[in-house]
Amino acid sequence: MSDYHEHSYIPKLKQQFVDGRCSRREFLRTATLIGMSATAAYAFVGKVTGESFVSPAKASMPKGGTLRIGQRILDLSSPHAYSWFEETVTRQVCEYLTKTGHDNITRPYLAESWDVSNDLKTWTFHLRKDVKWHNGRAFTAADVDWNLRHALDPETGSSMVGLMQAYMMNDDSTGLWDAKAIETPDDHTVRLNLRAAQVAVPEHLFHYPMLIIDPEEGGTFAAGSNGTGAFELLDYRVGEHAKLKARSDYWGEGPYVDELLFIDLGDDPSARVGAMASKQIDGVYEIDSAQVETVATLKHLKIYDAATAQTAVVRTRVDNEPFGDPRVRKALRLAVDAQKVVDLALQGRGVAAEHHHVSPVHPEYAPLPEMTRDIAAAKALLAEAGFPDGIDVEIAANADEGWEVAAVQVLTEMWKEAGIRAKINVLPGSSFWDVWDKLPFSMTNWTHRPLGIMVLALAYRTGVPWNESGYSNPEFDALLAEAESTLDVEDRRAVMEKIERLMQEDGPIVQPAWRSVFAAYDEKVQGFAMHPTSYIFANELAIQS
């Protein structure tokens, strides 16, 4: 392990925690992001609170067998351009520099540690020396350098451009901001030199398209592709299945099973329940909230859940009429009773949201007064925008996400009262994701990110690849840049309050709910825990024969 150089902010952060001005979650996340190991951070918390964070020794895990998991099998060919998070196949073969765990704390992964300068502009990652690619080649800084440059090449089409635009890209996002933005001083060191301070670099490197893939394969992935992970991909067929075999030479924990089989069960949620009931599969990537009670009746299954920042937003394209007018967008929000959407579409398994895409689980979240339903105000805004008789629109929904379809149905009924007449167009999942960022009006699933500034940068910053709404507001961009460069969580929360209020007034979304996520596995499956982003780390799983 490389020597740890304590960031100058750590003593202040420790004192804030001792004084009760910083929560345990905020202390742990901030301390680990600026280079303190998770072990040391938890040890300090334990010293202050008297809690014990020593994990019990892991029991001997059973070895062997085939683990069968139900999930969609989509096109895996271009990892850095993935635009959906239900992708667990490539993640078993290739890995990340960092890893945000089930507790939302970011830890080393292919990087064994990192240091950051006091001004948050120089991040130095120290790579593990015991990692080899499956073909026996040493894993080096040159591999990381190529992956970062490939992901940040606009031609690749990666959302990493949006995430890192403010601090790694030039003003028009056509390339890196400086020839020395990425440096490799030696075979096991990668240094990022930023043009602007950024607090969340380690968490950005765990954004799901930032997999470290073999440069020799030119950015592609297929059966037989090289990797550093616990499994190798033997075969996959879009819409059908993916088959993987365990590696005996993996550098990390496990793997415990011999084979992984991911099976595509299609759009129908009942098919997943049926496959679990008949024991055709051992688990399912995720179950819809409407299925929880049914699955609970299957006594051989265990249900796992997590409170998260997962959500879906009704997104308007601001370059399509009538959504270019912020009064129309706010009218859509004012016509909604968010709690009723939670109750009816999620069966109460979630919390009401506030239409700004910053979650109460995010450390920089700023509580605002409830944005209550106000039909008279919604009608008045529509009339001011030139629509005294209301508007007629069509909204698209993804058939793969049952709760989203249900939410759209609830919303359209609410909107009617304000004169917003919306026709629903339910698209098959594969068709939806082909056009998700081009539809004039739709509901889009957004996964959990551990920081609010991450999702805002991905979805609403001017010109970024995943800005599906076409939203562009200089005031928003400036506030977001300020938040991203603010280490102190109290100060960042003050900036975030301004962003949240701006989104409620001007933003391009209707966001009624944060949802809990659920998965189900046969009781013979060991080692599973629900990750807030629904990630599966199959090297940690075993199956009792």
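Helix axes here are lines fitted to C-alpha atoms over the stretch in contact, with angles running from 0 to 180 degrees between N-to-C directions. The model shown throughout is predicted.

**View 1. Helices H2 and H3 as a packed pair.** H2 spans residues 24-33. H3 spans residues 38-49. Their axes lie 9 Å apart and meet at an angle of about 150°. Angles over 145 degrees count as roughly antiparallel, so H2 and H3 are roughly antiparallel to each other. The crossing of H2 past H3 is right-handed.

**View 2. Residues at the contact of H2 with H3.** From H2 come Arg24, Phe27, Leu28, Ala31 and Thr32. H3 contributes Ala38, Ala41, Tyr42, Phe44 and Val45. Sorted by class, the contact has 8 nonpolar residues, 1 polar and 1 charged.

**View 3. The whole protein, for context.** The protein has 17 helices and 20 strands. Its C-alpha atoms fill a box of roughly 70 × 55 × 50 Å along the principal axes. A compact globule of 545 residues would have a radius of gyration near 24 Å; the protein has 23 Å, which agrees.

**View 4. Burial and contacts along the chain.** Of the 545 residues, 61% count as buried. Consider contacts between residues at least 6 apart in sequence: 71% of them join residues at least 24 apart.

How values were computed: Residues are numbered from 1 along each chain as its sequence is written. This is a predicted model: local features need pLDDT of at least 70, side-chain atom pairs count only at pLDDT 80 or more; totals for chains, interfaces and linings use all residues. Side-chain values use heavy atoms; hydrogens and water are left out. Helices (H or I, at least four residues) and strands (E, at least two) are DSSP runs, numbered from the N terminus. Angles under 35 degrees count as roughly parallel, over 145 as roughly antiparallel, 65 to 115 as roughly perpendicular and the rest as oblique. A crossing is left-handed if the near helix is turned anticlockwise from the far one by less than a right angle, and right-handed if clockwise. Contact means heavy atoms within 4.5 Å. Ala, Val, Leu, Ile, Met, Phe, Trp, Tyr, Cys and Pro count as nonpolar, Asp, Glu, Lys and Arg as charged, and the others, Gly among them, as polar. The radius of gyration is taken over C-alpha atoms; the globule rule is 2.2 Å times the number of residues to the power 0.38. Buried means under 20% relative accessible area, exposed over 50%, partly exposed in between (1.4 Å probe, protein chains only).
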